[in-house]
Amino acid sequence: MKLRATSSAPVRLQTSEGVQPLRPDAAPRRALWLLGADMCVFTRVDMRNVPPRLRARAMAERARQLSPFATTAWHAADCDGEMALWCWDQSRVRAAMEAEGGNTAWEVLPEQLFLAPAEDACLRRAGTSEILERWRDGRLAFSAALPPQPQARALWLRAAGLPVDSTPALLASAHGAQRWDRRAADWRSMARDPLTAGIGALGLAALWLLWSAGTLAGWQFANQRLERHMSEQQEALAP
């Protein structure tokens with residue numbers, strides 16, 4: 001695994017088989033917790049007609065709709081408005097982190113972000129699963145774990161746009177430089193982690209309450225001044 005970096009930081013890879021340490025030739029500057037493709041649900045989402053300022057909220061809603069997990073976290077990569085979206089079980093990932101111990105501030109990312117692209121269709125191993133990938137122009141277009149049953153495999157091959165009798169090459173999980181734009185991935189405050197989203201929402205609610213309390217106090221003060229002014233005028237006009 002080769003990641004561009006200048007200082008040492010731990011790297012872990014979590015798959016269905018468990019967690020293993022990775023020792024890249026050039027260690028990254030931040031602690032990375034990579035998730036194998038067998039831990040994620042992948043899809044593509046067309047956001048080209050959605051204004052950029054609204055894409056974070058739209059992607060969060062889309063992740064909630066597509067994810068089969070009770071507690072969902074997600075990562076998106078922006079490919080000129082065509083979003084690559086990974087969802088995973090946040091509870092399962094947190095449990096693995098707690099079992100690892102320590103107080104490391106992990107950044108969770110799909111391992112596929114660091115895989116060298118294939119020319120077209122390929123198979124890769126992830127944990128105990130065989131992952132079918134379809135790449136177009138250096139970008140991941142399809143990813144799913146192939147079931148062992150031949151009939152079910154045929155359905156996934158067809159879903160990937162491949163002949164049902166095709167046998168894509170099995171590639172090693174060679175890690176290259178991260179190739180995709182990280183703009184969509186950097187929506188950290190309100191999107192990827194449900195806990196962070198909850199804290200952000202509470203913060204916004206607190207600000208709204210403070211603003212409302214201040215506005216109400218201002219109105220009450222203005223009404224009191226108006227009442228005093230009218231009372232003084234009535235006393236001055238009294239015979």
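**Sheet pairing and nonpolar cores in the predicted model**

Leu123 has Leu170 of strand E11 as its bridge partner. Strands are DSSP runs of E, at least two residues long, and helices are runs of H or I, at least four residues long, both numbered from the N terminus. This is a predicted model, in which local features need pLDDT of at least 70, side-chain atom pairs count only at pLDDT 80 or more, and totals for chains, interfaces and linings use all residues. Residues are numbered from 1 along each chain as its sequence is written, and side-chain values use heavy atoms, with hydrogens and water left out.

The protein contains four helices and 11 strands. Of its 239 residues, 37% count as buried (under 20% relative accessible area, with a 1.4 Å probe and protein chains only).

E8 and E11 run parallel and are joined by two bridges. Pairing requires at least two bridges found by DSSP. E8 (residues 121-126) also pairs with E9 (residues 129-136), here in the antiparallel sense over six bridges. Cys122 has Glu133 of E9 as its bridge partner. Ala126 stands opposite Ser129 in E9. The E8-E9 hairpin has two residues between its strands, and Gly127 takes a positive phi near 65°.

The four strands form an open sheet of mixed pairing, in the order E10-E9-E8-E11.

The largest nonpolar core holds 28 residues. Such a core is a set of buried Ala, Val, Leu, Ile, Met, Phe, Trp, Tyr and Cys residues joined through side-chain atoms within 4.5 Å. Trp33, Leu34, Leu35, Trp86, Trp88, Val93 and Val108 touch the most other members. Elements that each supply at least two residues include strand E6 (82-89), helix H2 (90-100) and strand E7 (107-110). E3 gives the most, with four residues. Beyond its neighbours within four places in sequence, Trp88 is in contact with residues including Leu35, Phe69, Trp74, Val93 and Pro110. Contact means heavy atoms within 4.5 Å. A second, separate core has nine residues, among them Met59, Trp74, Ala76 and Met83.

Notes: Buried < 20%, exposed > 50% of the residue type's maximum accessible area, 1.4 Å probe, protein only.
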